[in-house]
Structure formats: structure tokens, C-alpha cells
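Colleague: I am new to this structure and would like to go through its strands. Could you take my questions one at a time?

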Amino acid sequence: MGWAKKQMMEQQERGYGSIDKSVCEDCVGDYALKQFITDNGDEGTCDYCNSEGVCIDVESLIGKIMDGVRFEYEEAVECMGIEKGEFIGADTWDTYDLLYEVLGPDMELNDDLLDDIVKTVNDTTWCERDPYQLRESKEKASMWTAFSQMVKTKTRYVFFRMPERDKYQEEAAFLILDHISDEIERLGLIKPLPSGSRFYRGRMHDKKTKIELAKDLSSPPHEKAKSNRMSAEGISIFYGADSAKTAIAEIYDSRYRFATTAIFQNLYDIQVIDLTQIANIPYPSLFDEERRGYRESLAFLRELNDNLTRPIESMESIEYIPAQIVAEYFRFLYTYQGKSIDGIIYRSSKVEDGVCYALFFNQSQCLESDPKSLFPDLHTQMMRMDESSIGTNKVEIDMQLIKMY
Ligand SMILES: [Zn+2]
């Protein structure tokens with residue numbers, strides 16, 4: 001076989017041709033591509049910005065980029081149906097559009113470098129991997145929607161015995177709860193809170209009412225527990241916040257002018273699910289071999305988190321029901337490393353950067369045991385109010401702003 005022919009076959013197989021240039025890490029923006037150059041490059045001169053430093057040959061960089069591309073895309077000719085000479089049933093992109101328009105904004109390459117890469121990669125038609133399947137994150141999002149619809153409008157109490165399959169969904173919608181816990185574990189969102197952590201709770205009241213006792217500020221008694229973001233009516237849990245301001249904003253009621261707050265502390269180490277971390281996890285690059293497997297998990301959990309923590313006007317709203325079920329699932333059915341989950345941390349929908357806690361402790365778990373009770377030994381106090389922390393504020397709200405005196 002002649003040299004030219006051999007070269008052509010090799011180019012066909014790997015999907016790109018030859019180019020004799022070098023590039024430095026400053027000419028690429030994506031963090032994983034930068035790292036690739038730092039880890040694999042040698043001292044040299046960059047052909048794009050002329051600076052001296054660690055550079056890599058552009059062919060190696062193209063190899064790295066195409067490896068990322070093939071993680072989420074494949075050649076349409078391998079997997080798509082054709083009708084009248086056109087690929088059908090899913091989106092396709094030619095190499096130019098894929099590299100410039102779809103991936104370009106994230107890769108952030110030097111313009112001349114991107115031009116060179118597009119010229120060197122074989123021109124072909126691309127589609128998403130398994131183009132006729134929903135992407136994992138989309139599939140889970142659609143299961144969540146189906147589940148939410150079911151518990152809001154069809155069955156709220158016996159959903160776990162609904163048929164495994166229906167016409168549209170591969171799996172029973174309620175199995176989304178297991179998928180959610182898998183993703184939460186995978187992204188490391190379960191964390192310990194040491195004993196002595198501080199949580200603010202508040203109550204709004206009129207001028208006459210004095211709030212001084214732990215039982216006035218603790219989780220409510222069952223008969224007074226209202227439907228709330230993470231608990232149904234009649235089920236008492238401990239809603240706390242990271243500051244007095246967040247606590248008041250969360251319970252704000254314009255009928256009252258005063259708010260009394262206090263700090264509670266947990267008496268034992270507990271473990272919670274921290275949804276606030278979802279926003280902090282950087283979306284992994286397609287070229288990050290170690291973490292790119294999380295892209296779909298993160299896309300789904302971001303959407304779920306927005307849904308679980310969005311502002312809802314009325315506490316009586318059925319919009320809370322899916323989140324209430326998620327909370328009960330984590331409270332009673334799920335365990336992590338042999339231990340149950342004691343609560344969920346989420347972003348306040350009222351205060352920017354405010355953090356809220358739904359801890360699964362009812363009123364009696366916030367109080368000392370009653371010496372007159374029949375079985376004092378059966379009582380385990382989990383939370384204790386710091387009496388010195390009680391403070392009363394006059395509250396006014398103009399627009400979104402809270403003033404405290
Ligand atoms: Zn450069």
C-alpha cells in the first residue's frame with residue numbers, strides 16, 4: 001500500500017487529518033483542555049499567540065477534543081435512518097456547526113485555532129449518541145413530571161402500588177424517588193451536621209403576646225402543623241434557617257408586626273441532604289474524563305432543585321405535594337451508610353443566599369422530657385433551644401426588604 005493511501009485510511013479511521021502546529025494553554029478556555037495541555041505538553045512556542053511556554057501539538061489536542069465529542073455524539077451514518085437522502089427523526093449537525101456553534105462557546109478556543117481544527121477534522125454529519133432515545137437527564141425530568149402530575153391529580157396515597165409500567169413510561173413514575181436518591185448520593189450531597197449546629201426559628205405575633213418558652217418556638221404540635229414545603233398538614237417537622245432574617249422572611253405574615261426568634265441546637269450528630277450544594281457544583285466539561293459522567297445527573301438535579309425550592313404563593317397549594325413526598329421518602333424509606341436522613345437543606349425562596357433547614361424532628365423532640373409522662377425513657381430530645389438567644393423584633397416589609405429594629 002502506498003504512503004498516501006495509508007495516510008488517507010488512517011485519517012478516515014481517526015476522523016481527522018494532519019496539522020503541524022503547536023498551541024499553549026492560554027489559547028484554550030475549557031478547564032479540562034487547559035489541564036490536558038499542562039499535563040501532556042512540552043516547552044515551545046505557541047503558533048497562535050507566539051508566547052513561550054508549555055505547548056502541545058494541535059493534532060494531540062484534536063484527538064482529545066474528538067474523544068470528548070464521541071462521548072456525547074456519534075456519526076449519523078452509523079445509527080440514523082435515511083429517507084430520500086436525508087437523516088430522519090433527530091437533530092443532526094455537520095462538523096462545522098458542531099464545533100463552532102454547539103461546542104465552540106464552551107471550548108473557548110482562540111479563533112484561528114478553532115478554524116484550524118474545523119479544517120482538520122473530517123467533514124461528516126453528527127447526531128447525539130442514541131439519537132432516538134431521550135437523554136438520561138430529559139428522561140428523568142419527564143419521569144419527575146409524570147410523578148408530580150400523578151400525586152397532584154390522580155393518586156396521592158397509593159401511588160407505590162400503581163402498575164409498574166404504563167403506556168408511555170418505561171418504568172413506574174414513582175421509581176423516580178429511587179433515581180433521585182441515586183443521583184444525590186452520586187454527587188455527594190449527603191453531609192453530616194455536628195451536634196451544636198445552630199438553627200434559627202421564629203414566630204410572628206401581635207404586641208401583647210410574649211414568646212418565652214421553647215414550646216412556643218419549637219416545631220408545632222401535630223394538630224397545628226400546617227401543610228408546608230417539606231411536610232404535609234398534621235405532620236410536625238422542624239423548619240429552621242441560617243439567620244433570624246431568613247427565619248422571619250420565611251414565616252412573614254403581614255397581619256403581625258412582631259417576630260420573636262431563637263436559636264436551636266442539635267444535641268447529636270445528624271446527617272442531611274444538602275440541596276444548596278447543587279448550584280455550587282461546576283458543570284463538568286465534556287473533555288473531563290473523570291467527571292463528565294456527572295453531566296446528566298447534574299442537569300437533572302439542577303432542574304429538580306429549581307422545582308422543589310421555587311416560590312409558591314399559597315401553603316395550601318397542591319404544588320407542594322411532590323416535595324412533601326420526596327421528604328417523606330428520605331425520612332422513612334432511605335438510609336445512607338446504615339443511617340437514616342435527618343433533614344434537607346435548601347435555598348430560601350425569600351432571602352437571597354438565605355438557607356433553610358427542614359429537620360425531621362417534631363415538637364416533643366425539641367423539648368425536654370416531661371417528668372410526669374408515662375414513659376420518660378422512651379423520649380429522646382434531639383434539639384434544644386438556647387434561651388439566651390431569644391429576641392423580639394419589630395418587622396416591616398417594604399417591597400422585598402426587611403427592616404429589623
Ligand atoms: Zn497560545
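Colleague: Is strand β17 (residues 355–359) largely enclosed by the rest of the structure or left open, and why?

Modeller: Please note that this is a predicted model. In it, 4 of the 5 residues of strand β17 are buried, so the strand is largely enclosed by the rest of the structure.

Colleague: Which residue stands opposite Tyr-357 in β17?

Modeller: Gly-240 stands opposite Tyr-357. The pairing of β11 (residues 238–241) with β17 is antiparallel and runs over 4 bridges.

Colleague: And over how many bridges do β16 and β17 pair?

Modeller: Strand β16 (residues 343–347) pairs with β17 over 5 bridges, also in the antiparallel sense. Here Gly-343 is opposite Leu-359 of β17.

Colleague: A change of topic: in what order do the strands of the open sheet with β4, β8 and β7 come?

Modeller: The order is β4-β8-β7, with antiparallel pairing. Because β4 (73–75) and β7 (93–94) are at the edges with a single partner strand each, one side of each has no neighbour in the sheet.

Colleague: What is the bridge partner of Asp-94 in β8?

Modeller: The partner of Asp-94 is Thr-125. Between β7 and β8 (residues 125–128) there are 2 bridges, in the antiparallel sense.

Colleague: Lastly, the hairpin of β2 and β3: which residue there takes a positive phi?

Modeller: That is Asn-50, with a phi near 65°, in a hairpin that has 6 residues between the strands. Strands β2 (residues 42–45) and β3 (residues 52–57) are antiparallel, paired over 4 bridges, and Glu-43 has Val-54 in β3 as its bridge partner.

Key: Residues numbered from 1 in each chain as written. Predicted model: local features only at pLDDT ≥ 70, side-chain atom pairs only at ≥ 80, totals over all residues. Pairing = 2+ DSSP bridges. Buried ≥ 20, exposed ≤ 12 C-beta atoms within 10 Å, placed from the backbone.
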